[in-house]
Amino acid sequence: MRSRTLIVASLFTIFLGAYLLAYSGDIQASDELSMLTVTRNLLVLGTADTDAVRWMGLQQGAIGSDGHLYSKYGLGTSVAALPLFGLGQLLTSSLGAVRAVSLLNPMLTAASGVMVFLYAAGLGYGQRTAIATSLLYGLTSLAAVYSQTFFSEPLTAFALAGCAYSLLRFKLSQRTLYALLGGAALGVAVVTRVASLVLIPLFAVYIVAACITPRAHSTRKGLRDCWPPLAAYAAPLGVAVLIVATYNKARFGVPWQTGYHPLETFSTPLLQGFLGLLICPGKGLVFYSPIVLLSAVGYGEFVRTRRAESMLCAAVLLVQLVLYGGWHLWHGGHCWGPRFLVPILPFLAMIWPAVLSRAEKHRWRIVLVLTLALLSVVPQVLGL
């Protein structure tokens, strides 16, 4: 246990140190400015409006029932940044508060890298394999670039990785507490990005599979035994949905209005968006993070050895690709690579241990991993 704690602390320190080398503390996109305005107004004025960025028009929100402008983005990132904003304002000035808030995503991305390590170790892979997987995720994937932003994707990625790890712990221990923690983590993702609602059934199916799959020294359980963990999983999700609905009702008068413009729809031909997110030279994930090709190489082995987890990862990846592939702005706008795919990077990384664990027996795998890692470092350095 002490050894694992040391590894966790070391990985977090390595990632955070690497991200701080590129730290600028700047807010560069209108999306970031909109969420930062919510943070500032919640703490300073006690309101959630974004009238301070009304000069941008309705591209970042909508006029509420009280005549004020409100952001169309979830509360998660804005609320998570409150302690840092307050600390920065207390120690220096409003400019210092912005610099302090910019530390949020470096810390969250570092924590996501730790989650990837814990998940790989929880699957039964050796420490060396788990550490290598974590380092590849944190230093060679698109997650590194987005650690320098105030976008909501890093918090969503951390929350989804936390949900997956908590439910893996539930499967291994059958303790309902872990199902509750998994639901709470997914609830954070829902409050951060309401589109995360589509993932709720996928994790619920995983819980059912974890309940009815026989394990050593245990007997097969029936569906009736799934209700307690499912209820624990659903409880915090219900709270998250209530928070989102209440927030919307307070701003726009109806719980289902989020602030997106009526013309912002799922209007892109699905195949165009799907392939664009993956292989478009300007936005494709394989160009911005070639390391993800390890997922295709190792998925067959992953299916054979960890069937339930392989099905969960594939389902999360497919649902997210279909969801954002159909969005009218499938490419995520003016940003580095496919921004909307950052939250699924931990699930791609969860497949990599299937390749890394057998690399010593197959030297070509070592060559492949090193080649893809070096190719992946280039776009991350350029992006940073």
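This is a chat about the predicted model shown above.

Reader: Okay, how many helices and strands does the protein chain have?

Author: The protein chain has 19 helices and 2 strands.

Reader: And is the chain compact or stretched out?

Author: Its radius of gyration is 21 Å, close to the 21 Å that the globule rule gives for 384 residues, so the chain is as compact as a globular protein of that length. Along the principal axes, the C-alpha atoms fill a box of roughly 60 × 50 × 45 Å.

Reader: What share of the residues is buried?

Author: Buried residues are 52% of the 384 in the protein chain.

Reader: What about contacts between residues 24 or more positions apart?

Author: Counting contacts with a separation of 6 or more, 73% are between residues 24 or more positions apart.

Reader: Switching to charges: how far apart are the mean positions of the positive and negative ones?

Author: They're 14 Å apart, with 26 positive and 12 negative charges in the protein chain.

Reader: Let's pick a residue. Where is Asn248?

Author: Asn248 sits in helix α12, which covers residues 227-252.

Reader: Buried or exposed?

Author: Asn248 counts as buried because its relative accessibility is 3%, and the cut-off for buried is under 20%.

Reader: So what does the side chain of Asn248 reach?

Author: It reaches the backbone oxygen of Pro255, at 3.0 Å. If you skip neighbours within four places in sequence, Asn248 is in contact with Gly253, Val254, Pro255, Trp256, Gln257 and Thr258.

Reader: Now Gln380. Which helix is that in?

Author: Gln380 belongs to helix α19, residues 363-383. With a relative accessible area of 1%, Gln380 is buried.

Reader: Which residues does Gln380 touch, leaving aside neighbours within four places?

Author: Its contacts include Leu139, Thr140, Ser141 and Leu142, and also Tyr288 and Ser289.

Reader: How far is Gln380 from Tyr165?

Author: Their C-alpha atoms are separated by 26 Å, and the two residues are 215 apart along the chain.

Reader: Last one: is Leu21 buried or exposed?

Author: Leu21 is exposed, at 79% relative accessible area. Its place is in helix α1, residues 2-21.

Reader: And how far apart in space are Leu21 and Leu384?

Author: From C-alpha to C-alpha they are 9.3 Å apart, while in sequence 363 residues separate Leu21 and Leu384.

Notes: Residues numbered from 1 in each chain as written. Predicted model: local features only at pLDDT ≥ 70, side-chain atom pairs only at ≥ 80, totals over all residues. Heavy atoms only, no water. Helix = DSSP H or I, 4+ residues; strand = E, 2+ residues; numbered from the N terminus. Rg over C-alpha atoms; globule rule 2.2 N^0.38 Å. Buried < 20%, exposed > 50% of the residue type's maximum accessible area, 1.4 Å probe, protein only. Contact = heavy atoms within 4.5 Å. Lys, Arg positive; Asp, Glu negative; His and termini not counted. Charge placed at Lys NZ, Arg CZ, Asp CG, Glu CD. Polar contact = N/O pair within 3.5 Å; in protein donor to acceptor, adjacent residues only side chain to side chain.
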